[in-house]
Amino acid sequence: MNKDDSSMPEQIGSVDAEAVGSLRIDVLTIFPEIFEPVLGSSIVGRARAAGLVDWTITDIRRFADNKHQKVDDRPFGGGPGMVMMCQPIWDAVQHVEALDERPATRIHLTPQGEPCTQRIIEELAALPRLVLLTGRYEGIDQRVIDRLEPREISIGDFVLSGGELPAMCLIDAVVRLLPGALGHEDSAGEDSFSVIARDGGPENQRLLDCPHYTRPRVWEGREVPEVLTSGDHAKVDAWRHEQRLARTEALRPDLLERES
Ligand code: SAH
């Protein structure tokens, strides 16, 4: 990356022209450097290497039209904290959206958005392009949010200091659903909150996952459930389903009432 090239907005990562048809994600942030160590690793990093997804991380600061690259200011009405200004964000969004003709779905990560669920992640994973807007400080001037009309998503009822971690949570969850991202083709389908289609059953529900075990068969006097070592696949399947239902009833009964 050439830090001296101030005429070009800073971007990390690039979109491979041959990867059209894959998912493109653009993140807008004032902390671009914190993304690559997380997104470049493991499943998400491998998915990018395989051309299933690509992302650019764009520094909002590069779009500030003042010489100090200031992107925040004091709140009208007084009070503590700073507010992210409209202009740099508006210009940054216009810039990244012009980089690719695929229609972009704008997402603002905010604690006031709809609480994220696996169903929302599935919806996002089916889209061609996401533009993720991350805030800092007290948040973003409401006028640019009103003008951009993004979908607003929260990762939970708690407040973080910035939208970068929420954006990375969302990217990780979306990318692992892209076909080919996980080693085993259907392993995502059996995770917690996924719809597991079962032949002939009404159990089109989103359940918690069953417990998992690996070697050794006995650890510190604790044995693996016998059925798992029986070699009887039908029995194992039935046991796992019972476990999913029982755990969901015990730990998250709300999931059984919710529509999938
Ligand atoms: N004053 C705001 C919080 C600002 S926190 C409020 O009370 O609603 C600063 C930034 O962190 C936000 O702009 C948002 O991008 C991000 N953020 C914090 N908590 C979040 C959450 N639970 N989900 C998604 N983004 C969050």
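User: What makes up the lining of the second largest pocket, by class?

Analyst: The lining of the second largest pocket has six nonpolar, five polar and five charged residues; here Ala, Val, Leu, Ile, Met, Phe, Trp, Tyr, Cys and Pro count as nonpolar, Asp, Glu, Lys and Arg as charged, and the others, Gly among them, as polar. The model is a predicted one, in which local features need pLDDT of at least 70, side-chain atom pairs count only at pLDDT 80 or more, and totals for chains, interfaces and linings use all residues. Residues are numbered from 1 along each chain as its sequence is written, and side-chain values use heavy atoms, with hydrogens and water left out.

User: What volume does the second largest pocket have, and which of its lining residues are closest to its centre?

Analyst: The volume of the second largest pocket is about 290 Å³, and of the 16 residues that line this pocket, Tyr-213, Val-224, Leu-228, Thr-229 and Arg-240 are the closest to its centre. A volume is the space filled by probe spheres set on grid points that are joined across faces, edges and corners.

User: Where does the ligand sit, and which elements give two or more residues to the shell around it?

Analyst: The ligand takes the space of the largest pocket; a molecule sits in a pocket if more than half of its atoms lie within 2 Å of the pocket's grid points. Strand 6 (105-115) and strand 8 (151-154) are the elements that give two or more residues to the shell around the ligand, strands (E, at least two residues) and helices (H or I, at least four) being DSSP runs numbered from the N terminus. With four residues, strand 6 gives the most to this shell.

User: Which residues come nearest to the ligand?

Analyst: There are 20 residues around the ligand, and Leu-109, Gln-112, Gly-135, Glu-138 and Phe-158 come nearest, where a residue is near a molecule if one of its heavy atoms lies within 4 Å of it. By class, the shell holds nine nonpolar, nine polar and two charged residues.

User: How many residues line the largest pocket, and which element supplies the largest share?

Analyst: The largest pocket is lined by 26 residues, with Leu-109, Thr-110, Pro-111, Glu-138 and Gly-139 lying nearest its centre, and strand 6 supplies the largest share, five residues. About 560 Å³ of space lies in this pocket, and its lining has twelve nonpolar, eleven polar and three charged residues.

User: What makes a space a cavity and not a pocket, and which residues line the largest cavity here?

Analyst: On a 1 Å grid over the protein atoms alone, a cavity is a set of points where a 1.4 Å probe fits but cannot get out, whereas a pocket is an open set with protein on both sides within 12 Å along at least five of seven lines, and lining residues have an atom within 4 Å of a point. The largest cavity is lined by Val-93, Arg-106, Ile-107, Val-131, Leu-133, Leu-148 and Pro-150, and strand 6 and strand 7 (129-134) are the elements that give two or more residues to this lining.
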